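Open your viewer and get ready to select residues by number.

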Amino acid sequence: SVKLEHGAHRLGKRTDKPMQAWRNYGLGQFIHWGVYAIPGGHWEGQYYPGAAEWIRSWKGMPKDAYDNLYKQFNPKKFNAKAWAKQAGDMGAKYVIITTKHHDGFCLWPSKYTDYTVANSPYKKDIIGQLVEAYDAEGIDVYLYFSIIDWNHPGYRSTLKSEQDRKEYEEFKKFTRNQLVELLTLYPSTKGLWFDGSWDKAWTEQAEFADALGKELREMIPGLIIGSRFRPDDNGNRHFDTNGDLIGDYEQGWERKMPNTIEDTNGNDWDCVMTVPENQWGYHSDWKGHVKTTNELIEMLVKAASLDGNFVLNFGPDGQGNIRSEETRLAAEIGEWMKENNEAVYGCGYLDWEKQDWGYYTVNRETGKKYMTVFNIPVSGALRVKVPGKTKLNKAYLLNDPGASLELEEIHRNEYFIHYKPASATDRPFVIGVETTDAKIEDGHYQKAKT
Ligand SMILES: C[C@@H]1N[C@@H](C(=O)NCc2ccccc2)[C@H](O)[C@@H]1O
C-alpha cells in the first residue's frame, strides 16, 4: 500500500458506543426541505422533469427568480413536533435533515451569509425546531450539509485560475465556519451527512478537509461522518488510494442497494432512498413508479440483512406539510414495524445461505435469528440450510411465539419449515428460529459420488 498523509484515518469498523448505536438503528428518515419546495418542480406552468431540488440548474428556471424565492418562504403549516411524531410512529431511529442543499439556502440563521431563513418571511430557525422536536421524540439527529453551494461567490466546481484559487480560499473558510456554527448551535447532533463533494475543486483539498474533519470530530466526541466527505491525497473519495474506507461508513448507496454481503466490502453502510424514482425535494407531480409500502419494507429488511441502515426520504411541501403519499407510507411502515421491529432493530447479517423466500437477520446482542418472508413458496415449504454442527430446533411466528411451526429435516443441515398463512397476507411476516450446536452423527446422509 502507498503512504498517504490524508487517507483512511482508521481501518475496520468503529466499535465505540455511538457507532454501535448507529449500526443498530435499522431505519432512518431523510428530510429534504428548502426553497425548492415552493416551485415544487414547476415554473410558470412548465413541468420540470428533473429532481425538484435541482430546479435552479434547469434552463427553464431563471437564476434570479430562484434566488429570490426565499422572499416568499413562509411555511405556515410547518410543525416540527408533528414531523418528529410521524417519524417516531414509522419506527425511524434517526433523521438526516438538510441544513443547506446545493442552492446554499440555510434553514438555520447562519451568521456567515444573508441567504438564510432568518431573512425570509418565516424568520425562525427551522433546524433548531427540528433538532429539538426529534431529540424529544428520541430520534437521533444527523445534519445533511452540501459542500456544493451555488449561492456563495467563492464556490467553484473546478479551479482554473489564480483568481479561482483566491476566491475558493474564502469559500473554504466559509464552509468551515458554517460547519463549526452548526455543531455549536446544535450540539446534540450525532453526525454529519455530507453531499456534493464530487467537484474537482473539493477533491484537491485533502489537507484542508482532513483537518476540518478532525476539528469537527473534536467538537462532538463520537461524531459520525460517512465516506462522502473528504478526498485522500490523490482526490479519491469513499475509498482511498489503498482501497480503505475514508470515514465511518460507506455512503455510496444512494437510490440503490448492495445485493450480497461481498458488495458491502464488510463496511458499515446506509442506503438513502427516494419514494419516486428520483425526487428528494418536493415535486407536486410525481411521474413514473412510486414505491409501495411492501417494496420499502423489503428494502429495509434487505438492508438490515446485509449490515446496513435504510433511510427513507420525505420532501415536505412549501407550506411545511408532509404530503399524503408519504404520510400513508409512514403509517403503513410503522404498523408493520410495531409488529416486526424485533427482526430489524439491532439486527444484522446472518451467514446462512440466502434462500428465495426472503432475508435472514440476527440480533447482534441476543443472537436471536429471524426469517422475514416476502415470497411464499407454492409448496408452503420454506427451505432453511444451516451451517455444519447446527441443529434447527424450533421455528415460530414472531407474532405467535407459543406455537411451533412444523419442521422437517430433509438433508444434512437442511430443513423445511412447513407453513403457509391461513389467509392471504398482503404484508411480509417474520419467523423466529432457534438452533443448538449439534455433533454430526453419521446418520443416513451420504454425499453422492460423482
Ligand atoms: C442525496 C441526494 N444527492 C443530491 C444529488 O443527487 N445531487 C446531484 C446534483 C449535482 C449537481 C446539480 C444537481 C444535482 C440530491 O439532490 C439529494 O440531495
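A polar contact is a pair of N or O atoms within 3.5 Å; within protein, one must be able to donate a hydrogen and the other to accept it, and residues adjacent in sequence count only if both atoms are side-chain atoms. This is a predicted model, where local features need pLDDT of at least 70 and side-chain atom pairs count only at pLDDT 80 or more, while totals for chains, interfaces and linings use all residues. Residues are numbered from 1 along each chain as its sequence is written, and side-chain values use heavy atoms, leaving out hydrogens and water.

**The ligand**

Select His 32. An N or O atom of its side chain is 2.7 Å from a ligand oxygen. Now pick Glu 53: a polar side-chain atom there also lies 2.7 Å from an oxygen of the ligand. At Tyr 144, the distance from a side-chain N or O atom to a ligand oxygen is 3.4 Å. The protein buries 84% of the 430 Å² that the ligand exposes when taken alone (Shrake-Rupley method, 1.4 Å probe).

**Two loops**

Select Arg 255, between strands E8 (250-254) and E9 (269-273). Its phi is positive, about 60°, though it is not a glycine. Arg 255 is partly exposed, at 30%. Finish at Lys 389, in the loop between strands E14 (381-385) and E15 (390-397). Lys 389 is exposed, at 59%.

Terms used: Helix = DSSP H or I, 4+ residues; strand = E, 2+ residues; numbered from the N terminus. Buried < 20%, exposed > 50% of the residue type's maximum accessible area, 1.4 Å probe, protein only.
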